Structure formats: C-alpha cells, structure tokens
Amino acid sequence: MSSLLREFYKNKRILITGADGFIGSYLTEKLLDCGALVSIYVHSDKLKNLNSIKSKLKNIIVGDISNINTVDLITKNNPEIIFHLAAESDVRNSIENPIEVNKINLDGTLNVLEATRLLKDKGLERLIFVSSYLVYGTKHNKIKESDNFEPNTPYAASKAAADLYCQSYLKTFNLPIVIIRPSNIYGYRQNKNFIRLFIDSALKDQDIRLEGGGSQTRDLIYIDDVIESLLIIGYDKKATGETFNLGSESEISIKEIAEKIINISGSKSKIISVEQRQGQDLRLCCDVSKFKRLFNWEPKINIEGGLTKIISCIKKDENII
C-alpha cells in the first residue's frame, strides 16, 4: 500500500456497514492497519471475522440495516467516509426468500443514503456503494458501465434497484457517492460461493457438481485486489460521482475453475454435471478500462495464484496434509 493512502486514512473517521462479512472484514483490518478510526455497523455482536481486532474499533453499532433507525445510528456516528457493504449476497436465498433479500439490499441502502443526505454538510467526504456486475445479466461482450441492467435473479434485481437509488441520490441531492460493480470476488473467508464449495469438495475427494456442465463463464477478482481498489476510491477525489466496473477482465468457465482447483489441491475428485438452477447468468466479463485508466491500476493476483492462496489457507486452518 502506498504511503499516500496510509497518510490519508490515518485518523480518518470511517464507517463500514457489513464489516464482519467477507469483504468487510478484510477492509476493516486494512483500514485499522492504516491508523483509521473505524466504526462498524453489523447485524450481530458475534463479529465472526473481527473478534481478534474488536478492541481496536472506534465504535460497534449493532442493528438491522433495513430498519429506519439505521439513519439515526449512522448520522450520530458522523463518519467522514462510509463503505456500504451490508447485503444478503446468497443468490439461492434470494430465489427462496426474495422479499427478505430485497428488504436488506434495497431498504438497507435507502437508509444509508438518507443518512448520507443528512451528513452532506457535516463533513462527509464520500459514500462508496458496493453493487455487483450481476445487475447487468448475461452479456455476450465485455460489460461496460453504460450497459443496460438485465438482472436474472431477485438478488441481482435488488442490487440493481439499490444501484439506481444511489444514482438518483447522486443526481437529486448532489451527494458524494461512488458506485463500484465488482465481478465475482473470491478469497479465503468466503463460505457461500461456488469456489469455496468446489474447494471443500476437492479437499475431501468428493465429486464436484457443475450446474449445466459448467460452460458458464465468469470474471474472477481476488479479495486483495478488491480491497486495494476500495481504498483508492475512498481516497481519490476523481472517483466522486463515478461508477466503476471492477474485475480481472479474464473470462473463465466454471468447469475450468473446477479443473484448476482439482489440479492445485491434488484432488481425486471427479466433475459431474447436474441440472442448471433458475436465473443462471451464462456469460459475464467486465470491461475495467475506466478504472484502470483513471487510477493507473492493474489486478495483481491471477486465478492460479488466488486459488493456491485459498487452498493453502484452508489446509493450514483445518490441518489437512
């Protein structure tokens, strides 16, 4: 991390919603390492990924992000920068419980936006909203920020709606909002996505089940590259009012990912095809040229390196030889 970023975030009042989740926990650790005054907004005081650094946090706010009292809780915290990560990201759960997921992802975002509006003249520098490239739906070319939204699942629709509300608050109230639409983020602490499921199966030499044979393609970006990007967006004033795709720009099929996992882990797992679930996006790959051009940025970790890191961490954590 550059000395400029460290200097900028030192003693900066930061609020992170969903801080105990996958992305949020890594971001919280990194900001604390920079000397930031980090407050977190979480749904439970169990702090599953943050217990070891609990004493370093400025403030811990426990609440339901979709409840209207969120507005008051955030305004009283008076942050200078808000990273809004709180969301229900399980696509399958959105298919089974669409109303619940919409409440968290849309109502929760509206509450954060209202707090941002009230904090506009009280020192708030920026709100960074983490959307998703799933809002675009299946696209046959690399996805550009200007592409239409065509969400294929209730999860993607809820993120698209929240994304649009952020755009509307930016235009109506002239708020310092930045929207980031990342591709598939992967890393060690993630436990709900297909990569972790594949790795868990591979380490047990169990069959890896691919929906529809695994011909669908994805753009994968490692968690470390995402955290660096978020820090840049929080720091650089050029980001204010902008929307960015974030990914590796490398398209890879689900089947290829499974094959790499088997090879890296030395597994005896077999790949089998199962029925494809509803709302499956067939092809997804980001055009990240805008972000690269504006911030002179490149992702540092390729798919082999990222998968190797995760598998090594899991083996060490679970004492797998």
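Begin by selecting Asn174, which sits in the loop between helix 6 and strand 6 (177-182); helices (H or I, at least four residues) and strands (E, at least two) are DSSP runs, numbered from the N terminus. This is a predicted model, in which local features need pLDDT of at least 70 and side-chain atom pairs count only at pLDDT 80 or more, while totals for chains, interfaces and linings use all residues. Residues are numbered from 1 along each chain as its sequence is written, and side-chain values use heavy atoms, with hydrogens and water left out.

Stay with Asn174 for a moment: its phi is near 55 degrees, a positive value in a residue other than glycine. Most residues other than glycine have a negative phi. Asn174 counts as exposed, at 56% relative accessibility, where buried means under 20% relative accessible area, exposed over 50%, and partly exposed in between (1.4 Å probe, protein chains only).

Next, select helix 5 (residues 98-119) together with helix 6 (residues 154-173), whose axes come within 9 Å and cross at roughly 15 degrees. Axes here are lines fitted to C-alpha atoms, for helices over the stretch in contact, and angles run from 0 to 180 degrees between N-to-C directions. Helix 5 is therefore roughly parallel to helix 6, since angles under 35 degrees count as roughly parallel, over 145 as roughly antiparallel, 65 to 115 as roughly perpendicular and the rest as oblique. Among the residues that make the contact are Leu106, Leu110 and Leu113 of helix 5, and Ala162, Tyr165 and Tyr169 of helix 6, where contact means heavy atoms within 4.5 Å. By class, this contact of helix 5 with helix 6 has 13 nonpolar, four polar and three charged residues; Ala, Val, Leu, Ile, Met, Phe, Trp, Tyr, Cys and Pro count as nonpolar, Asp, Glu, Lys and Arg as charged, and the others, Gly among them, as polar.

Now move to helix 2 (residues 22-33) and helix 8, whose axes come within 10 Å and cross at roughly 60 degrees, which means that helix 2 is oblique to helix 8. Select Phe22, Ile23, Tyr26, Leu27, Lys30 and Leu31 of helix 2 with Ile223, Val226, Ile227, Leu230 and Leu231 of helix 8 to display the contact. Its residues divide into 10 nonpolar, no polar and one charged.

From here, turn to the largest nonpolar core, where, of 78 residues, Tyr9, Leu31, Phe83 and Leu230 touch the most other members. A nonpolar core is a set of buried Ala, Val, Leu, Ile, Met, Phe, Trp, Tyr and Cys residues joined through side-chain atoms within 4.5 Å. Helix 8 (residues 223-235) gives the most to this core, with seven residues. A second, separate core of 23 residues includes Leu106, Val112, Ala162 and Leu170.

Then select Thr70 in helix 3 (residues 69-77), a residue that is buried, with a relative accessible area of 0%. Not counting residues up to four places away in sequence, Thr70 touches Tyr41, Asp64, Ile65 and Asn111.

For the last stop, select Ser267, in the loop between helix 9 (254-265) and strand 12 (271-274), which is buried, with a relative accessible area of 13%. The C-alpha atoms of Ser267 and Leu203 are separated by 6.2 Å, although the two are 64 residues apart along the chain. Ser267 also touches Ala202, Asp205 and Ile262, not counting residues up to four places away in sequence. Of these, Asp205 is found in the loop between helix 7 (194-203) and strand 8 (208-211), and Asp205 is partly exposed, with a relative accessible area of 41%.
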